[in-house]
Amino acid sequence: MTLADIENKAGLCRITCGWKKPELPIDWVRRYWRDVHSPAIARRAGIYDYRHYQYDPVRNDILSPIDDIEYEAPTLEQLMWTSDVRYRDEAALAVFDKSPEGKPKTNILGDIDIIVDQSTTYRALDENAKTYVDDTGIAIPQGPCASPTFALFVRSRSDEVEFRSCLRQLAEAWSKKLGVLRLRLSLFDAPDMEKERKAGYPVKTHPVERQYQACIELVLDTVARGQSLLQPDDRIDYAAHISTIHAYPVRVVYTSNYNGKPTLVGLRGYPAYEALTALDAQNQRQTSLLEWMYGDIAKNGTAEDE
């Protein structure tokens with residue numbers, strides 16, 4: 001089974017895009033999300049895959065320019081992170097929504113009030129949440145990216161059917177190009193704020209005009225390779241369907257759950273993972289120890305054991 005096959009067993013994803021409260025230092029927010037918030041989320045039931053992405057400022061030179069497609073993004077409107085959580089299906093999401101019950105869940109979601117100024121959660125379902133290719137050889141990326149990695153957030157110009165058809169054609173074509181190591185396309189449903197509110201999440205959504213309709217996670221062998229991707233094509237009038245592409249360089253990615261299991265980062269946090277990896281501390285990876293430390297969530301080992 002390929003890495004793409006494993007990821008595509010997830011039939012539902014929720015991608016939360018956000019930025020911090022302006023008075024908070026960005027370094028502390030990033031550390032808090034990585035080392036405090038994410039390990040708590042990783043222990044919730046029902047998760048198939050959970051990755052947290054942190055971004056550098058948008059670059060307008062990754063793709064070749066296409067007339068009438070906007071690549072610039074105002075500095076104060078740019079995203080700072082996304083949390084990409086994937087589930088097998090709606091039933092798994094329902095289990096997640098009930099985990100944990102009572103005050104522990106309230107306390108976890110309290111992080112949103114501490115950190116977040118605005119955020120929007122998007123859903124993508126079935127074929128609208130698809131990894132087209134993954135030849136990176138890295139199932140569980142942790143920390144700084146091994147190859148140039150970008151999150152391309154896209155706004156539509158045409159209606160939903162035509163826009164999605166264009167993005168699927170684009171993803172199919174790009175995934176076959178030389179130098180494209182990984183491509184995952186997420187086509188977003190319109191955010192359902194009422195559903196988020198009923199699930200207990202504080203609603204702090206971005207204005208509609210700043211929301212996106214799709215995201216492409218793109219890993220290249222070189223940054224220069226991006227210039228060969230978005231070329232005029234007689235079959236696709238890109239500008240007829242796409243109004244905006246914001247290319248966010250991914251500075252780091254942390255994987256807290258993979259293939260239905262927590263990772264070492266998800267259980268122990270990234271600083272501990274760095275230390276035990278640097279010293280090859282196999283004793284600190286053993287299921288017997290992790291189950292003693294963390295309980296039932298670790299009884300079947302971690303995703304790294306697969």
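1. **Contacts of A42.** In this predicted model, A42 touches I47, Y50, S256, N257, G266 and I297, leaving aside residues up to four places away in sequence. A42 is found in helix α2. Its relative accessible area is 1%, so A42 is buried. A42 and L267 are 225 residues apart in sequence, yet their C-alpha atoms are 7.2 Å apart in space.

2. **Aromatic pairs: W33 and W81.** The whole structure holds nine aromatic pairs. Take W33 and W81. Their ring centres are 4.9 Å apart and their planes meet at 40 degrees, so the pair is tilted. An angle under 30 degrees would count as stacked, and one over 60 as edge-to-face. W33 lies in helix α2 (residues 26–42) and W81 in strand β3 (residues 81–87), so the pair ties together parts that are 48 residues apart in sequence. Both tryptophans, W33 and W81, are buried.

3. **Aromatic pairs: F153 and Y248.** Here the geometry is edge-to-face, with 5.7 Å from centre to centre and 90 degrees between the planes of F153 and Y248. This pair, too, links distant parts of the chain. F153 is in strand β7 (residues 149–156) and Y248 in strand β10 (residues 242–258), 95 residues apart. F153 has 0% relative accessibility and therefore counts as buried. Y248 also counts as buried, at 0% relative accessibility.

4. **Charges over rings.** Two cases are worth checking. The charged end of R31 sits over the ring of W28, 4.2 Å from the ring centre. The charged end of K130 sits over the ring of Y132, at 4.6 Å from its centre.

5. D49 and R51 form one of them through their side chains, at 3.4 Å from N to O. D49 and R51 are buried. R59 and D61 form another, at 3.0 Å from N to O. Are R59 and D61 buried or partly exposed? R59 is partly exposed, because its relative accessible area is 33%. D61 is partly exposed as well, with a relative accessible area of 39%. The buried label needs a value under 20%.

6. In the D84–R184 salt bridge, the closest N and O atoms are 3.5 Å apart. The pair links distant parts of the chain, with D84 in strand β3 and R184 in strand β8 (residues 180–187), 100 residues apart. Both D84 and R184 are buried. Which residues are linked in a network of salt bridges? The members are E7, D49, R51, D84, R86, D134, R182, R184 and E217. **S186.** S186 is placed in strand β8. With 2% relative accessibility, S186 counts as buried. Its side chain joins that of R86 in a polar contact of 2.9 Å. Beyond residues up to four places away in sequence, S186 touches C13, I15, R86, A124, N128, Q213, A214 and C215.

7. **The largest nonpolar core.** This core has 32 residues, and W174 and L183 have the most contacts inside it. At least two residues each come from β5 (129–134), β7, α5 (160–174), β8, β9 (214–220), α7 (238–241) and β10. Which element gives the most to this core? Helix α5 does, with six residues. In soluble globular proteins, nonpolar side chains tend to be buried together.

8. **Around L183, and the second core.** L183 touches K130, T131, Y132, V133, A171, W174, S175, I216, E217 and L218, again not counting residues up to four places away in sequence. Among these contacts, K130 and Y132 also form the charge-over-ring case given above. A second, separate core has 20 residues, including W19, A151, C215 and V250. C215 is also one of the contacts of S186.

Conventions
Residues numbered from 1 in each chain as written. Predicted model: local features only at pLDDT ≥ 70, side-chain atom pairs only at ≥ 80, totals over all residues. Heavy atoms only, no water. Phe/Tyr/Trp six-rings, centres within 6.5 Å; stacked < 30°, edge-to-face > 60°. Helix = DSSP H or I, 4+ residues; strand = E, 2+ residues; numbered from the N terminus. Buried < 20%, exposed > 50% of the residue type's maximum accessible area, 1.4 Å probe, protein only. Lys NZ or Arg CZ within 6 Å of the ring centre and 35° of its normal. Salt bridge = Lys/Arg side-chain N within 4 Å of Asp/Glu carboxyl O. Polar contact = N/O pair within 3.5 Å; in protein donor to acceptor, adjacent residues only side chain to side chain. Contact = heavy atoms within 4.5 Å. Core = buried A, V, L, I, M, F, W, Y, C linked by side-chain atoms within 4.5 Å.
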